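Subject: Structure handover and findings

Hello,

Here is the structure I promised to pass on. Please load it before reading further.

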Amino acid sequence: HQLSSMHISSTQPEAMEEEEPLFSNLDLFLFTLIAGLIIYWFMSRKKAEPIPEFKQAPSTRETSFIEKMKKTGRNIVVFYGSQTGTGEEFANRLSKDAQRYGMKGMAADPEEYDMCELSRLAEIDNSLAIFCMATYGEGDPTDNAQDFYDWLQESDGELNGVNYTVFALGNKTYEHYNAMGVYVDKRLEELGAKRVFDLGMGDDDGNLEEDFVTWREQFWPAMCEHFGVEASGEDSSIRQYELKEHNDINMNKVYTGEFGCLKSFETQKPPFDAKNPFLAPVIVNRKLNKAGNRHLMHLEVDITGSKIRYESGDHVAVYPTNDTAIVNKLGQILGVDLDTVISLNNLDEESNKKHPFPCPTTYRTALTHYLDIIHPPRTNVLYELAQYATDPKDQENMRKMASSAPEGKALYQSFVLEDNRNILAILEDLPSLRPPIDHLCELMPRLQARYYSIASSSKVHPNSIHICAVLVEYTTKTGRLTKGVATTWLKNKLVADNGHKSTVPMYIRKSQFRLPFKASNPVIMVGPGTGIAPFMGFIQERGWLKEQGKEVGETVLYFGCRHKNEDYLYQEDLEEAEKTGVITKLNVAFSRDQEQKVYVQHLLRTNKEDLWRQIHTDNAHIYICGDARNMARDVQTAFYEIAEELGGMTRTQATDYIKKLMTKGRYSQDVWS
């Protein structure tokens, strides 16, 4: 950009030196002729045929949620910050609930509206803003709530007269548990808004669904009291969408798995993002482990010509599809022709969300590409489907599971969660339950993209992205084999499938997990199992920097696996990198190769003097990647202990010391549970 603009400015003075008239008569004549021809062509052009019915919602969207609420007589708005769809799902449930209490609600994505209008909410009688806020990464807002978060931080707006409540979605295993929900709750109060119900804390490490149901069952009675309204007793199921079957539709107008624009998988146009993923051909798919009963894999996808850029430490998001065998079984059990072309149209014509997934499409495409049919269904799905069970006992149990009665909660916990029943298993085990497939499709959550830490450096591999993953497969208590949706799908992505190239719909999600700006800073990487992924990129990049003649600091890796001869991932690459001095020290913990289990945190303690020097004296950056529940905690504790012992600190001081490193961006985590 800069080069071209400099080039233009440097040529301007030359043009100005000439004093001749700008246009000769011939120029004027030709100019008029050309202009006339252009106008004629425009006038005579045949208007493009408008495509009936299935236009994308017009882009001149109403960005004022206040005007929308006034126009449609709503008094409750439920904003959601959602990365994997759960926050959005909860928001939809709450806005639907409002109807049962004689109020009108709408779920709203803060990214689509002008949030500085929040102060105007007081213009609407008995109004309330509910916030379902998930926390992502290291206490960060979700992508769709980033602008709202920035606005809250910078705003000094007056929110007097605005009633609000917050339900936070998080996971206790993470350092910054529910940071986003807690912040929104506190900040809105600071800006003068009135908290009308206590902050709800949802913990996905425990039972997020139960936390939400419990909070919601206390929230609504409190609201009725606050606004002086009574529940309408309308506890029947309320449909949000109506079914339209298309018998003689042109198949070119039917979605086959795309997300944004129709046919976007056939004609790919950048930029590529969550709504417009790039179909990247798979160029490598190999098994990483030499033995053992697990399947660890390394994939490489080709991004040539896509204009996609990535940095080491970023995440690649991929959109998997469901297992065709499960989709077919659902069709059989519900007695449906899965190739029927349908649309589910929102009954609320003012809603921004015209359909629950891209329509028109077939049931087969919806169940394969768009809907999550593998996760155990949430209680609201059971509640809404209960009416279709012909056995009164089944009906009663399904309703009971959706209540907050202790007996109902225990039943949901055991029958659905512990037994890990997906919707197919529930239908198989409750033979009296045969709901209409369109209602089932309306209630199922959307199938989400899966994020993987990129295992390559764009300095070394500008045209490919590497993924390292482990196949998820286990048998449930009911004896069913359950397979991870994305890892099963990735495993089956053969490089050339019957002469066809296998492709993976993907896009990049930027992360904060970055190598230090100064290459001379030491780097300490801790990543057991597939937690090695981003460090393969880091090691490649440090090697590249070395080749460029840069002064590169110590590069130390702590890797862990079960057995040296089974699952020592990337062994040859790592040993080669140590031999050439790219890795200064390679520390590997083989947890099950001896009687006493040895993990990465044990190796950290063994090397405590070196580590303390690197951190305290040499300004090292520490990176942790992998399991959040145990590993990341144990590793953090090991760092506390080293700071206590070698820094002469108390535990409180040591904790503060590590927290300071986090704030400075010198202790980064890329963890999952």
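Below are the ground rules, then the findings by topic.

This is a predicted model: local features need pLDDT of at least 70, side-chain atom pairs count only at pLDDT 80 or more, and totals for chains, interfaces and linings use all residues. Residues are numbered from 1 along each chain as its sequence is written, and side-chain values use heavy atoms, with hydrogens and water left out.

**Annotated domain**

UniProt, in an unreviewed entry, puts the feature "domain: Flavodoxin-like" at residues 76–220. UniProt positions follow the numbering used here, feature names are shortened, and annotations may be inferred rather than shown by experiment. Over residues 76–220 the chain is 34% helix and 24% strand. The end C-alpha atoms of that stretch are 12 Å apart. Helices (H or I, at least four residues) and strands (E, at least two) are DSSP runs, numbered from the N terminus.

**Annotated binding site**

The unreviewed UniProt entry also places the feature "binding site" at Arg294, Thr530, Ser591, Arg592, Lys597, Val598, Tyr599, Val600, Gln601 and Asp634. These positions span 341 residues of sequence and are spread in space too, up to 24.4 Å between C-alpha atoms.

Three of them in detail. Two terms first. Buried means under 20% relative accessible area, exposed over 50%, and partly exposed in between (1.4 Å probe, protein chains only). Contact means heavy atoms within 4.5 Å; the contacts listed below leave out residues up to four places away in sequence.

- Arg294 sits in the loop between strand 9 (278–287) and strand 10 (296–302). Arg294 is partly exposed, at 28% relative accessibility. It contacts Lys287, Asn289, Val470, Arg562 and Asp567.
- Ser591 is in the loop between strand 23 (585–590) and helix 19. Ser591 is buried, at 6%. Its contacts are Cys561, Arg562, Gln596, Lys597, Val598 and Tyr599.
- Gln601 belongs to helix 19 (residues 600–606). Gln601 is buried, at 8%. It touches Asp634, Val635 and Ala638.

**Gln636**

Gln636 lies in helix 21 (residues 628–647). It is buried, with 6% relative accessibility. Beyond its neighbours within four places in sequence, Gln636 contacts Glu175, Ile658, Met662, Tyr667 and Gln669.

**Second largest pocket**

The volume is about 690 Å³. On a 1 Å grid over the protein atoms alone, a pocket is an open set of points where a 1.4 Å probe fits, with protein on both sides within 12 Å along at least five of seven lines. Grid points are joined across faces, edges and corners, and a volume is the space filled by probe spheres set on the points.

The lining has 29 residues (an atom within 4 Å of a point). Asn322, Asp323, Thr324, Ile326 and Thr488 lie nearest the centre. Helix 8 (324–333), helix 13 (423–429), strand 17 (481–483) and helix 15 (485–491) each supply at least two lining residues. Helix 8 gives the largest share, four residues. By type, the lining has eight nonpolar, 13 polar and eight charged residues. Here Ala, Val, Leu, Ile, Met, Phe, Trp, Tyr, Cys and Pro count as nonpolar, Asp, Glu, Lys and Arg as charged, and the others, Gly among them, as polar.

**Cysteines**

The whole structure has zero disulfides (pairs of cysteine sulfur atoms within 2.5 Å). The sulfur of Cys441 has its closest cysteine sulfur in Cys359, at 9.3 Å, too far for a bond. For Cys625 the closest is in Cys468, at 9.4 Å, also too far. Cys441 is buried at 0%, and Cys625 is buried at 0%.

Best wishes
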